[in-house]
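Here's a quick walk through this one, starting with a single side chain and then moving on to a sheet and a helix.

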Amino acid sequence: MHDMTLLYAADAGRADEWREALHDMAPELQVQLWPDATDLAAVRYLVAWSFMPDLVARLPNLQVIFSTGAGVNQFAFESIPPAIKIVRMLDPAIREGMIEYAVFATLALHRDLLTYRQDQRARRWAPLTAPSAARRRVGVMGLGDLGTAVVEQLKSFGFPLFGWSRTARSIEGVTCFSGQDQLPSFLGHCDILICLLPLTPATQGILDDALFDALPIGAGLINMGRGRHLNEADLLRALDDGRLSGAILDVLIDEPPPHDHPFWLHPKIMLTPHIAGTTSPPSAAGVLVENLRRHRAGLTMLGEVRRDLGY
Ligand code: GLV
């Protein structure tokens, strides 16, 4: 069908997996691969991670852009005509990965693993007393699809749980705060803070000196959002003066960071190379096909972006 043409312009290494998964689930879909696509005028749907701003201008009949990732901050919204819908990827595989990572990082901070990593290098055998989970408060910033899934899983360990989001949310067993006004009260409860916010103009640089000042002394930080949520110089200061005890970061402003970046060898920082949650084409294609069905039925798609909010 002419109006079922999709252009895949994301990671070339995964193009075959995507094409196969889409073919299995929606054989009627015509899948073209960028840059070999031959009929750009037929393209109604674009699957992309980041793309050249002029690509959209060359797709006169484009209706929807699907991000292959959970985030859409990499798209230059102003270069995308307002009639074109933008959709975040709500892949169950991303969600599972994010849950695993949040659990691993929370437990690593809770059980002082950054200290033991240093101790091992120094041949030092120095047991510390970890407080019980019931006495370690964990806060999640961002209570969307991912933040909610993470906080649900963290319940099983018995940590007192806190959440903060832009608009008010209510989650059983989680003390929820919302809006700028309640941010300081929320932060005052977070012995471990997990950032799962979308990156928008309102959240860029939110992990800064002022925020670190509002945390309990010696708090730990986990950033699984975007590198630009974090003011890197402010983090170094907070770790060096003891306001924070450690940070586990999956995302950085520059990925990879330059060779001489101070985070590489910092004893109180653990880095991972943006692997917390990864899109899996078989499950992501299922979400995408469901969204095509919704779009054609005139329904709101799962993960449809509100441009005014930036996510
Ligand atoms: C990864 O960061 C993603 O957006 O899926």
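## A buried valine, then the sheet

Val56 is buried, with a relative accessible area of 3%. Keep in mind that this is a predicted model. You'll find Val56 in helix H2, which covers residues 53-57. Leaving aside residues up to four places away in sequence, Val56 touches Leu46, Phe51, Leu62, Ile65, Ser79, Pro81 and Ile84. Take Ser79 from that list: Val56 and Ser79 are 23 residues apart along the chain, and their C-alpha atoms are separated by 8.1 Å.

Now for the sheet. Seven strands make up an open sheet with parallel pairing, in the order E8-E7-E6-E9-E10-E11-E12. Strands E8 and E12 sit at the edges with a single partner strand each, so one side of each has no neighbour in the sheet. From one strand to the next, the twist averages 15 degrees.

Helix H6 packs on this sheet, where it touches E6, E7, E8 and E9, and its direction makes about 155 degrees with that of E7. Here are the pieces by residue range:

| Element | Residues |
|---|---|
| Helix H6 | 179-187 |
| Strand E6 | 138-141 |
| Strand E7 | 161-165 |
| Strand E8 | 174-178 |
| Strand E9 | 192-195 |

Which residues of H6 are buried? They are Gly179, Leu183, Phe186 and Leu187. Looking down the axis of H6, its buried residues fall within an arc of 100 degrees, so they line one face of the helix. Their cover includes E6, E7, E8, E9 and helix H7 (209-214).

Back in the sheet, E9 and E10 (residues 219-223) pair in the parallel sense over four bridges, and Cys195 stands opposite Asn223 in E10.

Methods
Residues are numbered from 1 along each chain as its sequence is written. This is a predicted model: local features need pLDDT of at least 70, side-chain atom pairs count only at pLDDT 80 or more; totals for chains, interfaces and linings use all residues. Side-chain values use heavy atoms; hydrogens and water are left out. Two strands pair if DSSP finds at least two bridges between them. Helices (H or I, at least four residues) and strands (E, at least two) are DSSP runs, numbered from the N terminus. Axes are lines fitted to C-alpha atoms, for helices over the stretch in contact, and angles run from 0 to 180 degrees between N-to-C directions. Contact means heavy atoms within 4.5 Å. Buried means under 20% relative accessible area, exposed over 50%, partly exposed in between (1.4 Å probe, protein chains only). The arc is that of the directions from the helix axis to the C-beta atoms.
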